[in-house]
Amino acid sequence: MLFGRRGLTDLGRAYAAKNEVCQQCPRFWQWVMFAAADAYSPKNVEKAQVCIIGSGPAGITLAYSLARYGVSVVLVEAGARRFREDSQDFYRGQVVGNNYFDLSACRLRMFGGTSNHWGGWCRPLDSHELNGGGISSSKLNWPVSDADLSRYWAEACRILQVSDDFEDKDVGSGIRQLNIQYGPPVIFGESYWSFFDSSKSVRVFLESTLIDVRPRNHRVHGALIRSRIDGGKLVDWWIEAEYFVLCLGGLENSRILLWLNERHRKGIVAKHDSIGRYWMEHPRAALGEMLVSERTYRLFRQDLVHLALNPRLQKGLKIGGARYTISALTYRKSQALITELQRVAPGLSEYFFRMLNEKRLPCGACFYSEWEQMQDWDNRVSLGADTDSYGIPRVTLLWRKTERDLETILLATHALVNGFTNLNLGRARLEDWLMESMDIPPQQEMAGYHHMGGTRMGYSETDSIVDPNLRVHGLQNL
């Protein structure tokens, strides 16, 4: 995983080089991997060089990387190894604004986190998106560059078990074909269980939740953990570490920071009103159906092709990015689509009938898109009035798509369809809501389960929570 210009993986290399491993942890080599919480009393204090809260892809990758350099790590996971309904209940919350998923269904509270329902699609961030894409305001740019991230690509591809080949293909008329790699997918909890089970550097605590921290002099000196043991008994104990890392995802990171800040009278994050702000998703919707020419048909890879506008056209339209996925229809559905075309363009429909009947090429396709949402201060994670069984306020998520979000998909889709027509790649029939510039119908899928923002990265604490190295502004070790 990527940790800015000087990530914690680099920290691991520094520890190994200086031979400083475990000098502050004399009990380190006697550790057993998966700890039983009932073995610890309320007076217990665990010590490590790094404490990681959350065992999703970020937490597991970081723990794994540090462990390879002998850095002592405590990895704390609120869920169990397997999915449990009572654990998942902690994720219930309220959604205000546009339709969105049940918050307890779009993420998983278990070892491996939400990677347990990941599909395995992989693609790095585009360099032009890091510079604001089609949006002119420099305030929206990432504080990291393509060069900062690209040195991690090979290792990330190895972890995700995909090829390091993401070169796009120019189709013409402002359209490019995206090269997306497909992983197994990697379910992190299962894939790394045996490593952690035999590791002498990492100790994992399951069914253990961060409750509080002990801040002093711009540092976090301890984390209060509540563990659920056999029979449902709760035990509170402390972790002391040099570094603390929150890897709780795009909702819980904001929720926990808000909660800790409230408990400590705004003493954790100085510019506390930025916590939870600029929350984003990838709006997602079916856009229509199309009939594709033989040339386009050859583009299909496993019945899927991924397209986008090229950076120059996107910038000219002043819109965010959009990815289109085109999926082949069956023979019968292709036939019905051609029959419908025959009513308005009989000459063109004959071409597609020949493809279908003489060459046996089902030329019908449906297409949908996921697109970039504009950064909006008002979209946010906040604390609700209801609390979970540990007394921590549940999430209230305010998510609304702006006019510019709708403008992105309208302009991008019309540019894509016009490009298809100009290149004679096919003809499309768009959904009514696109033709009439309406909002996405409520029965559509809505979004991509991609939680972003909330703890925004930036240079200034006035509009972000973490700096380019993911360190919380104003704190030396969080």
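Is the crossing of α12 and α13 left-handed or right-handed? It is left-handed, a label used when the near helix is turned anticlockwise from the far one by less than a right angle (clockwise would be right-handed). This is a predicted model, so to speak of local features takes a pLDDT of at least 70 and side-chain atom pairs count only at pLDDT 80 or more, while totals for chains, interfaces and linings use all residues. Residues are numbered from 1 along each chain as its sequence is written, and side-chain values use heavy atoms, with hydrogens and water left out.

Helices here are DSSP runs (H or I, at least four residues), numbered from the N terminus. The axes of α12 (residues 331–342) and α13 (residues 346–357) come within 8 Å and cross at roughly 165°. Axes are lines fitted to C-alpha atoms over the stretch in contact, with angles from 0 to 180 degrees between N-to-C directions. The pair is therefore roughly antiparallel, the term for angles over 145 degrees. Residues in contact (heavy atoms within 4.5 Å) include Tyr331 and Ile338 of α12 and Phe352 and Phe353 of α13. By class, this contact has eight nonpolar, six polar and no charged residues; Asp, Glu, Lys and Arg count as charged, Ala, Val, Leu, Ile, Met, Phe, Trp, Tyr, Cys and Pro as nonpolar, and the others, Gly among them, as polar.

Now for another pair: α2 (residues 57–68) and α6 (residues 153–160) pack at about 110°, with axes 13 Å apart. They are therefore roughly perpendicular, which covers 65 to 115 degrees. Arg68 of α2 and Glu155 of α6 are among the residues in contact.

Terms used:
Helix = DSSP H or I, 4+ residues; strand = E, 2+ residues; numbered from the N terminus. Parallel < 35°, antiparallel > 145°, perpendicular 65-115°, else oblique.
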